[in-house]
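Here is a short report on a protein model. Look over the sequence and the structure first, then read on.

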Amino acid sequence: VTLDSLLAIHPESYLNFQTGELNVRTSLVANGETFIVGNNDQEATLNLLGNGTHSFADGLRITGSAILSGSGTITGLLTVMSGGTLAPGPSSTGKIALSTSPSLAGMVVMESSKTGSLLTAVVTNDHVQVAGPLTYGGSLRVTHLGPNALTAGNRLRLFSANSYAGSFSSMT
């Protein structure tokens, strides 16, 4: 399903997104319920389109076997549970900006690319920006999309935050 806008604000409304793919340009979810993606059994993907703003007043939870992908700004607490995935992009580099510190227990998948020759090379990569402190958790996987290989001295800034703590249990 692809939507220009997801709006769930009535206190008696309930949206149950357990499986499939939801592509959305903007979101406003303020119905008194955490917006839950997935059901821990079947794949579910919430894909943020077009660098839009996505407000989850009572939080956004990515469960096991679910994916949050795309680019945009998220207000509200993001929780990526064990087995869940946070993947800015994917298939191209993207940026997810978070208004609050996320809870990361799943996998964070980041991509980089490099184009151009030695003197005109441009390196880009996925980025997670946090307006506050960031505590690392779960695992990190970084993949290079090419077309040119990274070389000594190339730098990738994957995260930006006011401060950093914690660690990933594994990095690939």
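Predicted model: local features only at pLDDT ≥ 70, side-chain atom pairs only at ≥ 80, totals over all residues.

Pro11 sits in the loop between β1 and β2. Strands here are DSSP runs of E with at least two residues, and helices are runs of H or I with at least four, numbered from the N terminus. Pro11 is exposed, at 63% relative accessible area. Exposed means over 50%, buried under 20%, and partly exposed in between, with a 1.4 Å probe and protein chains only.

Residues are numbered from 1 along each chain as its sequence is written, and side-chain values use heavy atoms, with hydrogens and water left out.

Ile9 is partly exposed, with 47% relative accessible area. Together with Leu7 and Leu28, Ile9 makes a nonpolar surface patch of about 280 Å². Patch residues have over 30% relative accessible area and no salt bridge; nonpolar side chains (Val, Leu, Ile, Met, Phe, Trp, Tyr) are joined within 5 Å, and like charges within 9 Å. The areas come from the Shrake-Rupley method with a 1.4 Å probe, and for residues only the protein chains shown count as cover.

Next, charge pairing. The structure holds 1 salt bridge, defined as a side-chain nitrogen of Lys or Arg within 4 Å of a carboxyl oxygen of Asp or Glu. Asp4 pairs with Arg25, and their closest N and O atoms are 3.1 Å apart. Asp4 belongs to strand β1 and Arg25 to strand β2, so the pair ties together parts that are 21 residues apart in sequence.

The table collects the accessibility of several residues.

| Residue | Relative accessible area | Class |
|---|---|---|
| Asp4 | 56% | exposed |
| Arg25 | 38% | partly exposed |
| Asn40 | 46% | partly exposed |
| Asn51 | 56% | exposed |
| Asn125 | 17% | buried |

Now the backbone. Most residues other than glycine have a negative phi, and most peptide bonds are trans. Asn40 has a positive phi, near 75°. Asn40 lies in the loop between β3 (35–37) and β4 (44–56). Asn51 also has a positive phi, near 60°, and its place is in strand β4. The peptide bond from Gly146 to Pro147 is cis, with omega near 5°. Pro147 is part of strand β15, residues 139–147.

Asn125 is found in strand β12, residues 122–125. The C-alpha atoms of Asn125 and Arg157 are separated by 7.5 Å, while the two residues are 32 apart along the chain.

What space is left inside? The count is 1 cavity of 30 Å³ or more. On a 1 Å grid over the protein atoms alone, a cavity is a set of points where a 1.4 Å probe fits but cannot get out, and lining residues have an atom within 4 Å of a point. The largest cavity holds about 50 Å³, its volume being the space filled by probe spheres set on the points, which are joined across faces, edges and corners. Its lining includes Ala8, Tyr14, Leu15 and Phe35. By class, the lining has 5 nonpolar, 2 polar and 1 charged residues. Ala, Val, Leu, Ile, Met, Phe, Trp, Tyr, Cys and Pro count as nonpolar, Asp, Glu, Lys and Arg as charged, and the others, Gly among them, as polar.

Conventions
1 Å grid on protein atoms, 1.4 Å probe; cavity = no way out; pocket = protein on both sides within 12 Å on 5 of 7 lines; lining within 4 Å.
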